[in-house]
Amino acid sequence: MSYVRAFAQPLGAAAVALAAAAGLLALIGADPIAALGALAAGALGDRIALENTVVRMGPLLLVGLGVALSFRCGIWNIGGEGQLYVGALAATALVTRGLGAGPGAVSLPLALLVGAGAGALWAGIAAALRVRRGVSEVLSTILLNFIAVLAVAWAVHGPLQEASGAYPQSDAFPDLARLAVLPGMRRVHLGLVLAAALPFAVWVLLFRSAAGLRLRAVGLSPDAARNAHVSPERETTRVLLISGALAGLAGALEVSGVTGRLFENLASGYGFTAIAVALLARLNPIGVLPAAFFFAALASGSGAMQRVAAVPSVAVQVIEALVILFSVSFALPKSGAR
Amino acid sequence: MPRVALRDICKRFGATEALCGASLELEPGSVHALLGENGAGKTTLVRVLYGNVRPDSGVIEIDGRPVDIPNPSRALALGIGMVHQHFMLVPALTVAENLVLGEPGSAWLPRARLAAEARVLLERFGLALDPEARTETLAVAQMQRLEIARALARGANVLVLDEPTAVLAPPEVDDLLALLARLRDEGKSIVLISHKLDEITAVCDRVTVLRAGRTVASRPLAGLDASELGRLMVGDSLPPAGRPPETEPGPLALELVGARAPGLAGIDLALRAGELVALAGIDGNGQGPLEQLFAGVRALDSGELRVLRAPIAVIPGDRHRNGLILDLSVEENLVLPEAARGGEPPIFRARIVRKAELHQAASRAIERFEIKARPADPARSLSGGNQQKLSVARALRARPGVLVAVNPTRGLDVAATASVREELRREARAGTAVLLISTELDEVLELGQRIAVLFRGRLLPVAAGAHTRAAIGRLMLGEGAS
């Protein structure tokens, strides 16, 4: 019964949002059926469209997992965007400046680790500020986003700029430092397999481990948790580090699996859409899979909708906003419940 | 004719009768003490007067005319002001702004004029406060003055203060009492809720005593001594429903030596294995800090806590705030302390929970403590009694050498109360050192082999032959404290 309800509410939210979007499209003079049809076709219509959607899903999935995890602990990590950028930056620095064309068997896993570590460190700043100085993590993570995005802009205009100096972007990753595309696919890369497995790992962490019980306890009642000898400060730090690592890993996967180099606006807005992903998933790690797919489909279908139905792609952002609105106005789960 | 009269007020909240037959008469130019045990109905009665609570029956008269007080604004209009235990001030506003907040007036508040008017007002009542100071920068005693000033600024003739001295240091208490005496001389009627006998005798001229929601006495204070007041407050002895366990104290299990911390003014206490010691006292006399100390979430400023038979387990006084996590399941609540210690076997292996072991452990606890629930039910779905049994079960899971139970039967029905009390006796018989901290006198008498009273952060021992309501009631009011 509870499983039915767990799925019914997000599905309902998505459906109501799409219906409301159809109404809006009609209001601006577009044919809603055609527009939404184009959106669906652009996202899911053929193999290439589907692969595009799956590729877009990767960062949403990872950052969304991190957001869900931290929200469960009562920590509002809004910094997924910045943590992703820092992860991409660190991985790129390692690959293009640190290892050069080092042996791929080492450099690729190392790049992913460094990306995750950098994301964790970036979130760790927010954790330290919160635990030591009482600075709200909402503020610090938002502000750290700006710094991270601007740091990437500076890096690709400066120390990490490609050797030719033609564009503000890094050198291309050597093949050995790139995630292989899966056999028979055009774009879907090995990293996405890893990303798809992580929700299950996070689910075990959250619902089957001592650490997960502690962090849910802190999210539900810091006072009661402290009385049971759980340290809210330690759990806060831990969850921010994990959450940042997931976002940092997303950044590393993006540069080594998708773009093959670092540039500005690498993954603009993914960090924020990931918050919507986590909310639509009702903070359930497994639910993040379909939720990330849904938002990825919206994003990747928006171009087609613009081309075919002459609807501005910003309309998709309106749909996204509606989904968020409807999914959060259906009661969010108590953060400790499944 | 009294300025205010509350006659035969009754109020029921669900199944509990908070007030029935409560009366209070206030004369102009008097300070009236309202006295009673925790839960006697004092706060409910003044909330009726202030319009926070509608009585089920009874009459409120002001200057002889019956009135209806549906809300606090009506109370204010009738000249009744209230100083709450928790101040109702906006921290970011200045003193002057807080003074006029909520008053009908012009939309524009020029700062200078506001401050000037506030200064006049504060001077008239002899309250030394800077009108332009931000409220959050004030000391607690100053905030209290601001609350009083605010009530007076609204034209209050009747001023109700709910345990105003609980938050004050001794010299500040003297200042407050002097202020109350001055206001009395100006003709105000003041209601002072207090448990401190010395304060009551210092400034009050009449006293009304509430017991279990009834007014049991209302008379001039002159000629009443501490033992008489204590007896009025706690009533005559009924034979206790149960008896303390008969165990021989074993080796020392826990020792507090000269324990000082905010709220604790030097406590010495020795607990022996197999002993059940009960601490009585009215809430706010050190119970909270003591619980936090034993729970390990507060350190001592000076003195020492020696635990010779670890671990200490605490059954928290506020099971919702500090005890259970209502949105976790019964089984998760049960093993949370084990998860806190990094995931101990046998419930956890390699820090991952073993579902079968968890289910079994929870089932055993449910059976042993007769908790009406299934292991996976959220704690929220349990009744109060079953939640408390779960809290007891969790505390005992640690196999404590010292068990501290704070108001363990508060809010429980008769059956659940008996079962929790029996559990404490059983622990003592099993050799655990048990410390009961309870504001309920019957519970203390029923369980405590040794009894002491917490008063202003100190322990007043009760002689072994004097385990009576009257003797303990006297100590609860602080007789013999100095």
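User: How do you know that strand β6 (residues 80-83) of chain B and β7(B) pair?

Analyst: Four bridges join β6(B) to β7(B), and the two strands run parallel. Strands pair if DSSP finds at least two bridges between them, so four is enough. One place to look is Val83(B), which stands opposite Leu161(B) in β7(B). Before we go on, note that this is a predicted model, where local features need pLDDT of at least 70, side-chain atom pairs count only at pLDDT 80 or more, and totals for chains, interfaces and linings use all residues. Residues are numbered from 1 along each chain as its sequence is written, while chains are lettered from A and ligands numbered from 1 in the order in which they are written.

User: Which other strand is joined to β7(B), and by how many bridges?

Analyst: That is strand β8 (residues 189-193) of chain B, joined to β7(B) by five bridges and also running parallel. Here Asp162(B) stands opposite Ile193(B) in β8(B).

User: Why is strand β7 (residues 158-162) of chain B called mostly covered?

Analyst: Five of its five residues are buried, where buried takes 20 or more other C-beta atoms within 10 Å of a residue's own, exposed 12 or fewer, and partly exposed the range in between. In a regular strand the side chains alternate between the two faces of the sheet. In β7(B), Val158(B), Val160(B) and Asp162(B) are buried on one side, and Leu159(B) and Leu161(B) on the other. Both faces are therefore covered.

User: What makes Gly263(B) partly exposed?

Analyst: Gly263(B) has 18 C-beta neighbours inside 10 Å, so it counts as partly exposed. You will find Gly263(B) in the loop between β11 (252-261) and β12 (264-272) of chain B. Pro289(B) is 26 residues from Gly263(B) in sequence, yet their C-alpha atoms are 6.2 Å apart.

User: How many residues of helix α16 (residues 469-476) of chain B are buried?

Analyst: Seven of the eight residues are buried, and α16(B) is mostly covered. The buried ones include Ile472(B), Leu475(B) and Met476(B). Among the elements that cover them are α8 (226-234) and α15 (441-447) of chain B. After α16(B) comes Gly478(B), with a positive phi near 95 degrees.

User: Why are α7(A) and α8(A) called roughly perpendicular?

Analyst: Two packed helices are described by the angle between their axes and the distance between the axes. Helix α7 (residues 190-208) and helix α8 (residues 210-220) of chain A pack at about 70 degrees, with axes 5 Å apart. Angles of 65 to 115 degrees count as roughly perpendicular (under 35 is roughly parallel, over 145 roughly antiparallel, the rest oblique), so these two helices are roughly perpendicular to each other. Among the residues that meet are Phe207(A) in α7(A) and Ala211(A) in α8(A).

User: How many residues of chain B are in contact with chain A?

Analyst: There are 22, facing 20 residues of chain A, and contact asks for C-beta atoms, placed from the backbone, within 7 Å. On the chain B side, α11(B) gives the most, with five residues. By class, that side has 13 nonpolar, five polar and four charged residues. Nonpolar covers Ala, Val, Leu, Ile, Met, Phe, Trp, Tyr, Cys and Pro, charged covers Asp, Glu, Lys and Arg, and polar takes the others, Gly among them.

User: Which domains does the assignment give for chain B?

Analyst: The domain assignment lists domain 1 (4-234), domain 2 (242-311 + 400-482) and domain 3 (329-397). Eleven residues of domain 2 of chain B are in contact with eight of domain 3 of chain B. Helix α14 (residues 414-429) of chain B gives the most to the domain 2 side, with five residues.

Key: Axes fitted to C-alpha atoms, helices over the stretch in contact; angles between N-to-C directions. Contact = placed C-beta atoms within 7 Å. Domains from an automatic or database assignment.
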